[in-house]
2 protein chains.
Amino acid sequence: VVRNLYLSVDPAQRGWASTESNYSDTVPLGGPMRALAVGIVVRSRDATVEEGDFLYGWFGWQDYSLADRSKILTRATLPLPLSAFASVLGINGLTAYLALTGCGRPRPGDRLLVSTAAGSVGSFVGQIGQKLGCHTIGLTGSEDKVGRCLNRFGYHEAYNYKTVDLAAQLAQSAPEGLDILYDNTGGAILDTALRQMRVGGRVVQCGTAAIASWMPPPVGPRNEREVLTRRLTWSGFVIFDHQAALPAAMATLSAWCQQGDLVYDEHVSDGIQHAPAAIAELYAGDNQGKRLIYIG
Amino acid sequence: VVRNLYLSVDPAQRGWASTESNYSDTVPLGGPMRALAVGIVVRSRDATVEEGDFLYGWFGWQDYSLADRSKILTRATLPLPLSAFASVLGINGLTAYLALTGCGRPRPGDRLLVSTAAGSVGSFVGQIGQKLGCHTIGLTGSEDKVGRCLNRFGYHEAYNYKTVDLAAQLAQSAPEGLDILYDNTGGAILDTALRQMRVGGRVVQCGTAAIASWMPPPVGPRNEREVLTRRLTWSGFVIFDHQAALPAAMATLSAWCQQGDLVYDEHVSDGIQHAPAAIAELYAGDNQGKRLIYIG
């Protein structure tokens with residue numbers, strides 16, 4: 001039995017609550033919303049879990065969760081505040097780190113473009129890319145967030161994709177082409193950036209936030225010639241395939257946080273009544289940092 | 001100075017002879033056609049090349065070529081007929097082997113779909129995939145070629161993409177999804193097959209033969225969601241990036257040929273006057289085996 005303390009609010013929840021065909025089961029009407037959360041074990045019959053342990057897992061938007069081991073994603077044992085296990089050490093930071101290093105294969109001097117650069121994943125991708133020696137270029141959707149990319153997350157360059165001429169800017173920012181595209185949006189940003197990739201470039205697909213609906217199937221310019229002629233490696237990444245890699249990744253991220261090399265922002269509201277509107281805020285782009293609900 | 005013996009005829013030459021924007025320079029009017037060829041060294045001032053050596057390289061559609069070391073792709077020293085160095089041991093066989101093993105990462109039991117399955121690359125992909133334990137499914141464009149896939153190249157299954165309901169057939173042939181798509185066509189076959197890939201599948205992009213022109217840019221269904229949700233790795237492969245891997249690959253392919261595990265077909269015409277029409281035949285799908293011109 002886990003008593004929840006921090007509930008995670010994530011864009012994917014919109015899809016989970018929809019009856020539109022999706023790659024996860026629809027959350028049933030009347031059931032608790034599927035969600036990650038950080039909680040404390042109040043009763044255990046599992047020899048590997050003790051009362052008082054802090055866990056991060058699929059505990060839902062509810063006060064208490066009756067969980068088995070399959071619901072546990074990570075154990076919150078590192079010396080960071082508890083909320084961090086649902087943000088920088090949660091799926092956002094872990095996705096950024098494992099997708100960038102595993103699929104993006106960054107090398108010093110690489111030009112790295114990040115879409116949703118100020119977001120809950122992108123803000124880490126930019127910092128981790130910089131830490132690994134990349135020249136980081138961020139795209140985001142407002143002048144305010146451009147400022148946060150530059151001043152808070154340390155991007156070398158950042159642009160508002162709504163107002164910049166992206167193809168012209170990328171030709172200037174990466175005259176020999178982009179080595180890595182870390183894409184959370186899909187759509188027009190992806191199409192434009194693919195055509196600015198360097199031969200041998202890596203495209204990491206971690207989200208498709210720019211496409212509001214896949215029914216009917218949206219169309220766009222054909223991209224297979226870019227894959228071929230630029231010898232791209234275009235990979236999809238979903239963190240839940242990488243359970244075994246999580247503890248080591250958490251240790252690395254935690255150390256970087258303690259050294260001050262990795263900053264993270266959280267936007268915490270107190271009380272479960274704030275949870276539904278928080279999803280809408282994510283899609284409106286109003287959040288600054290990882291959206292959490294505290295119910296301690 | 002290389003005296004050419006076998007001239008290679010390849011689909012890419014149509015693009016090289018066109019002024020339409022392309023990723024290779026246009027062959028100038030009045031210059032010799034850019035082409036791979038097998039020839040014999042008749043004079044050498046390079047200490048690593050002796051008179052009488054057989055070479056495979058960029059010697060052009062001409063009787064003699066004045067070449068330096070940068071024009072040499074491979075050295076024809078293995079115990080197979082000389083023409084084989086422009087077919088199974090040339091870029092066709094080498095592309096099939098290195099792209100399938102390097103990007104496709106085949107494992108026993110994998111379901112492997114090959115477009116242009118009877119072609120000069122695809123016919124090797126099917127045989128190599130079978131040799132490595134894959135269940136091989138070939139797509140080709142005529143009933144005659146379906147027969148060659150099954151009877152000559154050993155595909156477990158083969159279909160005429162012009163008459164089969166591809167999505168329905170793939171759902172039946174690979175009920176848990178395709179592990180590997182080796183695609184030489186792009187277009188509708190690619191779009192359909194992407195939507196039948198298994199989670200973690202590999203897509204190897206070696207050609208885009210189904211798209212006759214990229215100007216104006218053709219459109220199609222957006223594919224980034226397939227990359228993400230199926231966690232695909234979609235890679236472009238061009239053999240000329242892999243010079244260092246060629247000798248070992250040639251040794252493997254040559255051994256398989258001698259053991260009878262790998263068959264190869266050549267369609268050789270005698271005399272350079274047959275060369276231009278041979279390109280048109282490739283696009284008409286009339287060839288059976290690697291198209292070569294003998295001028296010895």
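In this predicted model, Asp241(A) forms a salt bridge with Arg231(B), and their closest N and O atoms lie 2.7 Å apart. This pair belongs to an interface between chain A and chain B across which the rule finds 4 salt bridges. The two chains bury about 2,900 Å² between them, with 63% of that area on carbon and sulfur atoms. Strand 12 of chain A is joined to strand 12 of chain B, and an open sheet of 12 strands includes strands of both chains.

**Interface between chain A and chain B**

- The contact draws 32 residues from chain A and 32 residues from chain B.
- Arg222(A), Arg225(A) and Leu228(A) supply 26% of the area that chain A buries against chain B, more than any other three residues.
- Four elements of chain A each supply at least two residues of the side that touches chain B: helix 6 (187-194), strand 11 (219-221), helix 7 (224-229) and strand 12 (233-236).
- Helix 7 of chain A provides the largest share of that side, with 5 residues.
- Sorted by class, the side of chain A that touches chain B has 14 nonpolar, 12 polar and 6 charged residues.

**The sheet and its strand pairing**

- Strand 12 of chain A and strand 12 (residues 233-236) of chain B run antiparallel and are joined by 3 bridges.
- Within this pairing, Trp234(A) stands opposite Trp234(B), a residue of strand 12 of chain B.
- The strand order of the open sheet is 8(A)-7(A)-6(A)-9(A)-10(A)-12(A)-12(B)-10(B)-9(B)-6(B)-7(B)-8(B), and the pairing is mixed.
- Strand 8 (157-160) of chain A and strand 8 (157-160) of chain B are the edge strands, each pairing on one side only.
- On average, neighbouring strands of this sheet are turned by 15° against each other, direction ignored.
- In chain B, strand 9 (residues 178-183) runs parallel to strand 10 (residues 197-205), and 5 bridges join the two.
- Leu181(B) stands opposite Val203(B), which belongs to strand 10 of chain B.

**Helices packed on the sheet**

- Helix 2 (residues 91-104) of chain A packs on the sheet and touches strand 6 (111-114), strand 9 (178-183), strand 10 (197-205) and strand 12 of chain A.
- The direction of helix 2 of chain A makes about 145° with that of strand 9 of chain A.
- Helix 5 (residues 166-173) of chain A also packs on the sheet, where it touches strand 6, strand 7 (135-140), strand 8 and strand 9 of chain A.
- The direction of helix 5 of chain A makes about 175° with that of strand 8 of chain A.

**Salt bridges over the structure**

- Over all chains, the structure holds 32 salt bridges.
- One of them joins Arg148(B) to Asp265(B), the closest N and O atoms being 3.3 Å apart.
- This pair links distant parts of the chain, 117 residues apart: Arg148(B) lies in helix 4 (residues 143-151) of chain B, and Asp265(B) lies in the loop between helix 8 (246-259) and strand 13 (266-270) of chain B.

**Backbone features**

- Most residues other than glycine have a negative phi, and most peptide bonds are trans.
- A cis peptide bond joins Met215(A) and Pro216(A), with omega about 0°; Pro216(A) is placed in the loop between strand 10 and strand 11 of chain A.
- In chain B, a cis peptide bond joins Met215(B) and Pro216(B), with omega about 0°; Pro216(B) is found in the loop between strand 10 and strand 11 (219-221) of chain B.
- Arg231(A), although not a glycine, has a positive phi of about 50°; Arg231(A) is found in the loop between helix 7 and strand 12 of chain A.
- Arg105(B), likewise not a glycine, has a positive phi of about 45°; the place of Arg105(B) is in the loop between helix 2 (91-104) and strand 6 (111-114) of chain B.

Note on methods. Residues numbered from 1 in each chain as written. Chains lettered and ligands numbered in written order. Predicted model: local features only at pLDDT ≥ 70, side-chain atom pairs only at ≥ 80, totals over all residues. Heavy atoms only, no water. Contact = heavy atoms within 4.5 Å. Buried area = accessible area lost by both parts, 1.4 Å probe. Salt bridge = Lys/Arg side-chain N within 4 Å of Asp/Glu carboxyl O. Nonpolar A, V, L, I, M, F, W, Y, C, P; charged D, E, K, R; others polar. Pairing = 2+ DSSP bridges. Axes fitted to C-alpha atoms, helices over the stretch in contact; angles between N-to-C directions.
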